[in-house]
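Here are a few exercises on how two chains meet. Have the sequence and the structure open, and try each task before reading its solution.

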Amino acid sequence: MSIKLNALFSDSYVDVSQYRDQHFKGNRYEQEKLLKQSNTLYVGNLSFYTTEEQVYELFSKSGDVKRIIIGLDKVKKTACGFCFVEYYTRADAENAMRFVNGTRLDDRIIRTDWDAGFKEGRQYGRGKSGGQVRDEYRQDYDPARGGYGKVVARPQSIRTTT
Amino acid sequence: MSKARLLPEKLTVYTTLVGLLNARNYNFGGEFVEAMIRQLKETLKANLYTEALYLVRFLSDLVNCHVIAAPSMVAMFENFVSVTQEEDVPQVRSDWFVYVVLSSLPWVGKELYEKKDVEMDRLLNQIDGYLKRRLKTHVPMLQVWTAEKPHPQEEYLDCLWAQIQKLKKDRWQERHILRPYIAFDSVLCEALQHNLPPFTPPAHTPDCQYPVPRVVFRVFDYTDAPEGPVMPGSHSVERFVIEENLHNIIKSHWKERKTCAAQLLSYPGKNKIPLNYHIVEVIFGELFQLPCPPHIDVMYTTLLIELCKLQPGSLPQVLAQATEMMYMRLDTMNTTCIDRLLNWFSHHLSNFQFRWSWDDWADCLAMDADKPKPKFVKEVLEKCMRLSYHQRIVDIVPPTFSALIPAEPIFFYKYQDEANSKCAGYAVAITVGNAIKNRASNEEILTVLKDVPNPNQEDDDDEGEGFNPLKIEVFLQTLLHLAAKSFSHSFSALAKFHEILKALTDCDEGKLHILRVVYEVWRNHPQMISVLVDKLIRTQIVDCAAVANWLFSPNMAHEFTRFYVWEILHSTIRKMNKHVQKIQKELEEAKEKLEKQQHKKDSGDEEDMERNSEDEDGQLEEQIERLQEKVESAQSEQKNLFLVIFQRFIMMLTEHLVRCETGSVDFNTPWYKNCIERLQQIFLMHHVTIQQYVGTLENLLFTAELDHHILAVYQQFCALQL
């Protein structure tokens, strides 16, 4: 009976996920605290061609957007498929988690997750080639994310042990 | 008991359980009922009317479970209905008590009539008399469609009354509600019943905020679902119960869209009704509800997408059918609802690759561009473009629709090329542009700008500090041109040169002109105008009243019926409201802090008395005084904003009405419909805030001399809480 009651109060779309930013400066406790208070969302699986304007339009549906920071390839300084969306209030960010996460932008299902807060430097991909890590190793062909993953494009790299 | 409140659609399951427990243990039943009565009193005091409604319904179903004696329930209903005899109370108060009684009757009407038919008849007669004499001024403002065909948009009490009358005629035979207690009748009928204590509704106080009246949304009838089970008629009580339950499911699960969709689709008794049609109708009913939907708009979009995922073979078709029907009835649809419809539709399409049978809507191509249908399609395409890009829109519509495709969102730079070199200020524009590119300081740029002649001045005896529209134009056009690449670029530019912009727009005319320039350069990119205006307000380069004046100015008259204009205006009002709320909250918090500190003093703690010196208190008191001033000033700004907006509306509408009258022309043009409904929209969307300023509005603006068409809108608004 009590499990069901919990289900009634549940708001699972707003829960913090398992992901933790490995580059976060601080301990796990501090990170979780920030995530639970944050007004900022990480948005992933964007097309490289998705513009700030499109992100604004979609995410404005859950509230006033304070700012958007488009994720960039560290080398090329071009969009590499993710961004941060910061709201003025937590409530608006929560509604984005409930109603924008898992829907489509530019025909792609996008994923949102809580972020501890934007800091300079975090707008860059952390993959070896400059983009996101996930684009280093994926095997599929995704025309909106530069085609094949880097590991496929550079087969020699599989044999390197670095 | 909290479970019953949380899952009202499962009410009869819980009442059965309570009934069985009561049969076993009389005291349990007594305590339970007492607790419910206490809760009812509390919820009424706390303005939680939806909660209170379910509590009363729960209590009435407990009659069916032999927990509560029917006569005492009738007595409670009699007390509720006697509220209609109270004098000098808002109509919405007696409305609610009548609604509570009527909406419990599908559950308990049969039982009450069997035990106390004379009293019940008297009760219903009283209600009938009340319904006949109550005012319905509010109805036009709350109707989604103004037309009576194909489905009348009925006032909610009228509709419920018709449903209860029909139920009575059918001798209270109600077949839709699941009644588990029937299976346990042999046990339950042995139970001892309790009498409800006499319950007097709490008296009316000025703090009471009763629910706002509603209009019942109808888009389907049995002819629309030709195959399968028949849809219950609009005056059947089944329709009421189904809709109540579906609304309750959404209320319980709106935060979890997958659960919500699953719960809706697994509605008990779904095989006997065209469930998909009911679901779609209930969802749109909420989305289009006036004044406001019960939940955030985007929730409904996402919920419908989930439903389409779960029923891919049937739900999308029903949704398409509903969309088609609403398109056909756009001519009489309330403008606010058209806004919500096009927002929903464009967002929905963006999740389905913008696939739509546009050719089905080719009829709109032959109409004037200002008619509702082509206007709707144009605004939808513009919204679709915001979620994608211009070429995509060109690709998704047939070539015949090219006139309705939005303009390409390009920047218009006045000082673009040599051809414009004769333009006043051209040379300075080039210099400023270079200065910015070379990272000149603000002082250097201001010096360059000094060279801009002021077309407003006749001679040079002035210091040149007055409002200089050309200076603003030269600087802002050039700055925005350099920053045109993206929103972020433009925001950075505004931030970097905030000082200069502030200096240039020190007066009201300056603020107005800045907005004009923004429009000039970005007139093909309404979304950019919107975000820039937002930033200009937030960085206090322009104020809210300036934005309102600009939108209503003759320069913007040709854009007056475009959706983005109203997006900007409502966003501006919201910012103003949030600002006031924020400072009010700060004031509350400071006051609470002071109270706490004074409590500590009064508690006589020697140590603390030493430390909590007069200083701290004094500081707090000072802070409170400052905040008080801030609140008053913010409220004054807020009041002024609404006054400006209403004044402008009145001027425009009066002018139009007078012109039409003298020219003996019908005043009810598409422009007029749009304008009057936009005025309604201001009242509807901000009715709680505007309530505070009713006195001023009535004295200054909405006086008896006003044209009755305009005054009617004001009176309808007042009727929402009358």
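**Exercise 1.** How many residue pairs are in polar contact between chain B and chain A, with both residues at pLDDT 80 or more?

*Solution.* Keep in mind that this is a predicted model. The count of such pairs between chain B and chain A is 18. Next, look at which helices of chain B take part: H1, H11, H13, H15, H16, H21, H24 and H26 each supply at least two residues of the side that touches chain A. H24(B) gives the most, with four residues. Sorted by class, that side of chain B has twelve nonpolar, 13 polar and 13 charged residues.

**Exercise 2.** Describe the extent of the interface between chain B and chain A.

*Solution.* Start with the residues: 38 of chain B are in contact with 33 of chain A. Then turn to the area buried between the two chains, which is about 3300 Å², with 49% from carbon and sulfur atoms.

**Exercise 3.** Which residues make the contact between H3(A) and H16(B)?

*Solution.* First, the geometry: the axes of H3(A), residues 52-59, and H16(B) come within 7 Å and cross at roughly 120°. From H3(A), the contact uses A:Glu53, A:Gln54, A:Glu57 and A:Leu58, while H16(B) brings B:Lys383, B:Arg386 and B:Leu387. By class, this gives two nonpolar, one polar and four charged residues.

**Exercise 4.** What do the side chains of B:Arg386 and A:Glu57 meet in?

*Solution.* These side chains meet in a salt bridge, at 3.4 Å from N to O. Between chain B and chain A the count is five salt bridges.

Definitions and conventions. Residues are numbered from 1 along each chain as its sequence is written. Chains are lettered from A and ligands numbered from 1 in the order in which they are written. This is a predicted model: local features need pLDDT of at least 70, side-chain atom pairs count only at pLDDT 80 or more; totals for chains, interfaces and linings use all residues. Side-chain values use heavy atoms; hydrogens and water are left out. Contact means heavy atoms within 4.5 Å. Buried area is the accessible area (1.4 Å probe) that two parts lose on being put together, summed over both. A salt bridge is a side-chain nitrogen of Lys or Arg within 4 Å of a carboxyl oxygen of Asp or Glu. A polar contact is a pair of N or O atoms within 3.5 Å; within protein, one must be able to donate a hydrogen and the other to accept it, and residues adjacent in sequence count only if both atoms are side-chain atoms. Ala, Val, Leu, Ile, Met, Phe, Trp, Tyr, Cys and Pro count as nonpolar, Asp, Glu, Lys and Arg as charged, and the others, Gly among them, as polar. Axes are lines fitted to C-alpha atoms, for helices over the stretch in contact, and angles run from 0 to 180 degrees between N-to-C directions.
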